[in-house]
Amino acid sequence: MKIGILCEGEKTDAPVINTLLKHLFPSVEFFIRGKTKEAIFKAGDIELEKIFSEESVERALIVWDLLPLGHQMGVSCQWSEKPSRSEQRQMLLNLLCNSEHLSNSLKQQALHLANRYKFVNCDVEHPNGKEDLFKLISVCYTCDGWLLSDGSVLKDLASSNSRQAERWNPPDPDRCQNPAGELKRYFGQGYNKRLKYFNKSDHNIVITEEYIKQGKVESMLNSSSFSRMIYAIKQWVQL
């Protein structure tokens, strides 16, 4: 099976998701496309159609960060000023349901999801029996939060050969609104020169690889968005 992932962050989230999924599902082929939040909410229909038609995937996930809000990035992704997964999901489904670029089956899938989430009230036949062709995963608050799942992994990374970093109980992955800032602060106080000046583009993948090395990836399942992503893929793979 080949599964496509449309997500935010070509140099941040996409490499992390790619590395984690290849580790957890070695027999599955993945195609990962990282775009901006603006691209997902303005042209997500075009990107989704390309993933199915050009990359020949059988299923797909659209994964995006709840923060920052779209208006901070030049795109409307919700109506209220308070972060809302439901509103962002509805805005994205509005785009997909009214698209002129999606194939009939993908557009029907979007309508079926909109009906399931009670955004519309219509009797839409499922385009693929019972298994969705694509699913939506909104991450609360950002994918960087997954990296906060195990303080012992982060402590080992912040330490050097001669000095141990302070023990850290990181914030809950799903409740921290600025996980990258928390990681920057912690590693800035640590002794690993490689991570002393933390930035997402260079170091998120380093942390991800350490989780894999230590066999701690399953700790990320404490994040509801990560567990939803893994559960969705498991459902497809087990068909």
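**Helix packing and an open sheet**

Modeller: A43 has its place in helix 2, residues 37-55. The model is predicted.

Biologist: Why does A43 count as partly exposed?

Modeller: The relative accessibility of A43 is 21%. Buried means under 20% and exposed means over 50%, so a residue at 21% falls in between and A43 is called partly exposed.

Biologist: What does A43 touch, not counting residues up to four places away in sequence?

Modeller: A43 touches E38 and L95. A contact of this kind requires heavy atoms within 4.5 Å.

Biologist: Why is Q90 called partly exposed?

Modeller: Q90, which lies in helix 3, has a relative accessible area of 21%. Buried requires under 20% and exposed requires over 50%, so Q90 is partly exposed.

Biologist: Which residues is Q90 in contact with, leaving aside its neighbours within four places in sequence?

Modeller: They are W79 and F119. By C-alpha atoms, Q90 is separated by 22 Å from F52, 38 residues apart along the chain.

Biologist: Which strands does helix 3 lie across?

Modeller: Helix 3, residues 85-97, lies across strand 3 and strand 4. Its direction is at about 135° to strand 3.

Biologist: In what order do the 4 strands of the open sheet come?

Modeller: The order is 2-1-3-4, and the pairing is parallel. Strand 2 (29-35) and strand 4 (134-139) are the edge strands, since each pairs on one side only. On average, neighbouring strands of this sheet are turned by 15° against each other, with direction ignored.

Biologist: How many bridges join strand 1 to strand 3?

Modeller: There are 5 bridges between strand 1 (residues 2-8) and strand 3 (residues 59-65), and the two run parallel. Pairing needs at least two bridges, so 5 is enough for these strands to count as paired. On strand 3, R59 is the bridge partner of I3.

Biologist: What makes helix 1 and helix 7 roughly parallel to each other?

Modeller: Helix 1 (residues 13-24) packs against helix 7 (residues 200-213) at an angle of about 15°, with the axes 9 Å apart. Angles under 35 degrees count as roughly parallel, and the two helices are therefore roughly parallel to each other. Helix 1 passes helix 7 in a right-handed crossing. From helix 1, P15, V16, T19, L20 and H23 meet N204, I205, T208 and I212 of helix 7. By class, this contact has 5 nonpolar, 4 polar and no charged residues.

Conventions. Residues are numbered from 1 along each chain as its sequence is written. This is a predicted model: local features need pLDDT of at least 70, side-chain atom pairs count only at pLDDT 80 or more; totals for chains, interfaces and linings use all residues. Side-chain values use heavy atoms; hydrogens and water are left out. Axes are lines fitted to C-alpha atoms, for helices over the stretch in contact, and angles run from 0 to 180 degrees between N-to-C directions. Angles under 35 degrees count as roughly parallel, over 145 as roughly antiparallel, 65 to 115 as roughly perpendicular and the rest as oblique. A crossing is left-handed if the near helix is turned anticlockwise from the far one by less than a right angle, and right-handed if clockwise. Ala, Val, Leu, Ile, Met, Phe, Trp, Tyr, Cys and Pro count as nonpolar, Asp, Glu, Lys and Arg as charged, and the others, Gly among them, as polar. Buried means under 20% relative accessible area, exposed over 50%, partly exposed in between (1.4 Å probe, protein chains only).
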